[in-house]
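This report describes selected local features of one protein model. The sequence and structure come first, and the notes follow.

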Amino acid sequence: MSWKDSRPLRPLAGERTVRKEEERRRGVFTRRALVLGGLQLGAFGFLGHRLYKLQVEQGARYATLAEENRISARLLAPPRGRVLDRQGKVVAGNRLNWRALLVAEQSADVAATLETFSKIVPLEAHERARVEREVRRRRRFVPVIVREFLTWEDMARIEVNAPDLPGISVDLGTTREYPEAEHMAHIVGYVAPPAEADIGEDPLLELPGIRVGRAGIERAHDRLLRGQAGSVQFEVNAVGRVIRELDRREGVPGQDVQVSVDADLQRVIRGKIEEGTSVVLMDARNGEVLAMASQPSFDPTVFNTGVSAAQWREWTRNRATPLINKATNGLYAPGSTFKMVVALAALEARVVGPGERVSCPGHMDLGNARFHCWNRNGHGALDVRQALKYSCDVYFYEMAKRLGIDRIAAMARRFGLGVDLEIELPGVRRGLMPTRAWREAQGKPWALGDTVVHGIGQGFYQLTPLALATMAARLATGRAVQPHLTKAIGGRTTRGSRPEEWPSLGINDRDLRLVRDAMWAVVNEEGGTARVARLPGTIGAQMAGKTGTTQVRRVTREQRERGFRVETMPREWRPHALFVAYAPHDNPQFAVSVVVEHGTSGSGAAAPLARDVMTEAFQRLRPAAPPPPPRVAERTG
């Protein structure tokens with residue numbers, strides 16, 4: 001082989017071209033691969049970053065959102081605390097109530113849902129209007145009551161048609177009931193749905209069917225009775241239907257409140273009184289109100305389901321005002337029941353002595369004015385004990401003239417008249433105890449004639465039966481007892497249950513004994529104005545008291561000269577009848593005040609009623625006497 005044969009072969013021109021083309025293509029592929037790889041790497045990096053944020057940084061948030069889609073949490077209304085009477089009897093309690101609820105956010109069209117519901121369970125126009133109003137007023141996730149007190153048939157129809165009722169569910173709640181109805185209405189009060197202004201203060205008030213106290217003990221102790229909300233968690237499906245209950249935490253029930261009133265005694269007393277009458281019975285030793293009756297009254301259960309317009313018109317147009325507690329809000333001149341206060345003021349100021357006599361000719365002349373005694377023939381010469389026993393007006397005209405109105409008012413305030421008694425009832429009126437400064441603030445002078453009239457409990461006085469009962473209790477004990485209704489909260493006795501917790505009035509014991517003895521004579525001695533009020537011998541106790549009669553229409557001189565007779569006047573013009581008392585006289589336990597509107601006379605209308613009330617109190621509430629000690633048999637033989 002020649003050297004020419006051993007030289008390397010040179011590629012042909014065509015082969016070189018092909019090779020260059022392949023290299024070019026390989027470069028293009030490499031660049032594209034790099035770009036695609038970079039894009040993929042970027043995409044995976046972005047996904048990794050997003051997954052990190054979703055699962056790590058924001059994992060808790062999205063887990064919560066997912067859990068909320070699966071779990072529905074709701075507040076649970078706690079049972080409202082009960083109100084019990086002094087014997088432990090329920091006077092305000094709860095009963096079960098099946099109801100249909102609507103959650104607006106679970107319904108695409110609330111109006112359509114209500115229309116469908118009304119075809120299954122009929123709804124009145126005013127009921128639909130109420131539901132629509134509450135839906136607009138509340139947040140959309142807050143349930144609204146569509147219908148309460150469902151029957152088994154109603155619930156069955158709702159459950160069968162559940163797919164056509166989005167947002168509607170059946171729920172078990174409670175409603176307030178008042179076993180004593182109108183007998184305890186003015187004391188216990190009532191509950192009603194919260195006002196819009198109330199809801200912001202407590203999320204519990206947004207719950208369907210929740211009620212707040214609007215009057216009486218229900219309002220005074222509303223926070224304690226309300227309790228604290230619980231919670232429940234449900235597992236729900238995609239459309240919000242409950243699958244199962246996951247967790248439940250019961251709320252804290254409201255505390256029971258025990259009042260001092262005896263419900264049975266209250267019912268008996270209300271059975272004895274007529275329209276326009278009020279009675280307050282207190283434990284004179286510690287101020288506990290044992291009965292507080294006012295006629296007429298109302299049924300508080302009506303407020304649970306809503307008061308109809310017709311019912312409200314009936315109440316407000318009734319001149320007897322059934323919604324007003326006359327025992328705490330009725331205002332009356334005290335009449336002669338006020339004479340004990342004037343007597344004590346005169347004795348303390350030393351403007352009269354215990355044995356000093358004042359002559360009563362049947363009237364007192366002051367300038368051109370003549371002030372009459374109820375006894376036109378006069379009582380003759382009387383001391384303070386006799387003046388109270390016979391209720392002589394002229395004697396107390398004279399005492400008022402010697403004292404002046406300001407000293408009378410100062411003594412009256414010590415006995416709880418015209419002051420805030422701070423009893424646990426909203427809206428109690430304090431009344432009016434007039435003074436010279438009060439009259440002058442009105443731009444009018446205080447005349448001596450005004451003072452004289454006020455000496456017998458007439459004039460500008462405005463006092464409640466509760467204040468008069470407080471006066472009687474303080475007269476009986478000499479202590480500044482305060483009337484109160486709350487005996488215990490949550491089983492714990494409240495302050496004021498022991499007599500020694502109340503301070504002394506600081507009045508001379510001799511003066512108090514003299515006035516008490518005169519009150520005993522009013523009831524138990526011959527000639528007393530309230531002999532009809534003596535307690536039956538079976539009670540084994542004596543009562544001390546004082547009658548009162550207050551004019552509501554002025555009697556003119558012409559009427560007196562013609563032989564005026566109050567019995568011939570229309571009832572609304574007749575005087576009010578009053579009586580205050582305590583018993584037993586030697587060891588006071590009960591104090592009472594009675595006011596009979598237009599009852600004509602205290603001795604004829606109020607005193608007999610007070611006697612019956614006291615008799616019931618002794619029979620029902622007085623502790624039984626301890627049995628005698630067993631006799632030791634004598635040894636024989």
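In which sense do strand S11 and S21 pair, and over how many bridges? Strand S11 (residues 277-283) and S21 pair in the antiparallel sense over seven bridges.

## Basis of the report

This is a predicted model, in which local features need pLDDT of at least 70, side-chain atom pairs count only at pLDDT 80 or more, and totals for chains, interfaces and linings use all residues. Residues are numbered from 1 along each chain as its sequence is written, and side-chain values use heavy atoms, with hydrogens and water left out.

Helices (H or I, at least four residues) and strands (E, at least two) are DSSP runs, numbered from the N terminus. Two strands pair if DSSP finds at least two bridges between them. Buried means under 20% relative accessible area, exposed over 50%, and partly exposed in between (1.4 Å probe, protein chains only).

S21 covers residues 590-596, and seven of its seven residues are buried. In a regular strand the side chains alternate between the two faces of the sheet. Phe 590, Val 592, Val 594 and Val 596 point one way from S21, while Ala 591, Ser 593 and Val 595 point the other way.

S21 also runs antiparallel to S20, with seven bridges joining the two. Val 596 stands opposite Thr 277 and also opposite Ala 577. A hairpin of six residues joins S20 to S21.

## Helix H21

At the N-terminal end, Asn 508 caps H21: a side-chain oxygen lies 2.7 Å from the backbone nitrogen of Arg 510.

H21 is mostly covered, with 12 of its 16 residues buried. Among them are Asp 511, Arg 516, Trp 520 and Asn 524. The buried residues of H21 pack against helices H14 (339-349), H15 (384-390) and H20 (465-477), and against strands S19 (544-550) and S20 (576-583).

## Arg 474 in helix H20

Arg 474 lies in helix H20. At 5% relative accessibility, Arg 474 counts as buried. Contact means heavy atoms within 4.5 Å. Leaving aside neighbours within four places in sequence, the residues in contact with Arg 474 include Arg 413, Arg 414, Phe 415, Gln 482 and Leu 505. The C-alpha atoms of Arg 474 and Gly 287 are separated by 9.2 Å, and the two residues are 187 residues apart along the chain.

## Strands S10, S17 and S18

Strand S10 (residues 257-259) is joined to strand S17 (residues 486-489) by three bridges, and the two run antiparallel. In this pair, Val 257 stands opposite Ile 489. S17 is also antiparallel to strand S18 (residues 492-493), through two bridges. The bridge partner of Ala 488 in S18 is Thr 493. S17 and S18 form a hairpin with two residues between them, and Gly 490 in the turn has a positive phi of about 60°.

## Backbone exceptions in loops

Most residues other than glycine have a negative phi, and most peptide bonds are trans. Phe 149 has a phi near 55° and is found in the loop between strand S4 (144-147) and helix H5 (152-160). Phe 149 is partly exposed, with a relative accessible area of 32%. Glu 422 has a positive phi of about 60° and sits in the loop between helices H17 (405-414) and H18 (436-441). Glu 422 is exposed, with a relative accessible area of 62%.

The peptide bond from Gln 295 to Pro 296 is cis, with omega near 5°. Pro 296 is found in the loop between strand S12 (289-294) and helix H11 (302-305).

Key: Polar contact = N/O pair within 3.5 Å; in protein donor to acceptor, adjacent residues only side chain to side chain.
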